[in-house]
Amino acid sequence: MKRYHWQRDSDEISTDPDLLNIDVIHRFLTTSYWCPGIERHAVEVALKHSLCFGLYREREQIGLARLVTDFARFGYLLDVFVLEAFRGQGLGKWLIFCVLECPSLRDLPSIGLATRDAHSFYEAFGWERQTSADHLMKLTR
């Protein structure tokens with residue numbers, strides 16, 4: 001898989017998995033509403049099997065967007081965050097812009113996501129709220 005990089009001043013977004021700081025990512029995700037208390041091993045496995053967009057300031061990880069995809073028909077965006085100390089600088093918008101502009105993903109006809117509190121943020125990029133989830137199913141083990 002080709003690795004992509006975007007640079008803006010001292011900030012960088014990269015799909016290089018070798019740059020990911022699993023400690024930072026795990027620490028954030030354990031306190032998130034979508035996977036509180038997640039085990040480190042689960043984070044490691046998820047990152048390994050996803051296209052990850054790491055957000056860095058001077059090589060320090062400050063955010064992430066993770067995409068599960070087949071690169072042909074479907075993608076699912078999750079684990080999107082910018083650390084609190086770096087919010088309000090447009091970094092989240094830039095992160096999503098880079099995901100959508102990534103050459104490996106441009107032709108995907110569908111990218112899904114779920115959010116509890118950021119609907120208007122994603123709507124600005126073209127996502128639409130679904131009025132019915134009757135067609136969705138979930139297997140819980």
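How many Å apart are the mean positions of the positive and negative charges of the chain? For the 17 positive and 19 negative charges, these mean positions lie 2 Å apart, where Lys and Arg count as positive and Asp and Glu as negative, with His and the chain ends not counted, and where a charge is placed at NZ of Lys, CZ of Arg, CG of Asp or CD of Glu.

## Basis of the model

This is a predicted model, in which local features need pLDDT of at least 70 and side-chain atom pairs count only at pLDDT 80 or more, while totals for chains, interfaces and linings use all residues. Residues are numbered from 1 along each chain as its sequence is written, and side-chain values use heavy atoms, with hydrogens and water left out.

## Overall fold and dimensions

Four helices and six strands make up the secondary structure of the chain, in the sequence order β-β-α-α-β-β-β-α-β-α; helices (H or I, at least four residues) and strands (E, at least two) are DSSP runs, numbered from the N terminus. The C-alpha trace spans about 45 × 35 × 30 Å along its principal axes.

Of the 141 residues, 38% are buried, meaning under 20% relative accessible area with a 1.4 Å probe and protein chains only. Among contacts (heavy atoms within 4.5 Å) between residues at least 6 apart in sequence, 55% join residues at least 24 apart.

Helix α1, residues 22-30, has V24, I25, H26, F28 and L29 buried, and the cover over its buried residues includes α2 (40-48), β4 (60-69) and β5 (75-82).

How values were computed
Buried < 20%, exposed > 50% of the residue type's maximum accessible area, 1.4 Å probe, protein only.
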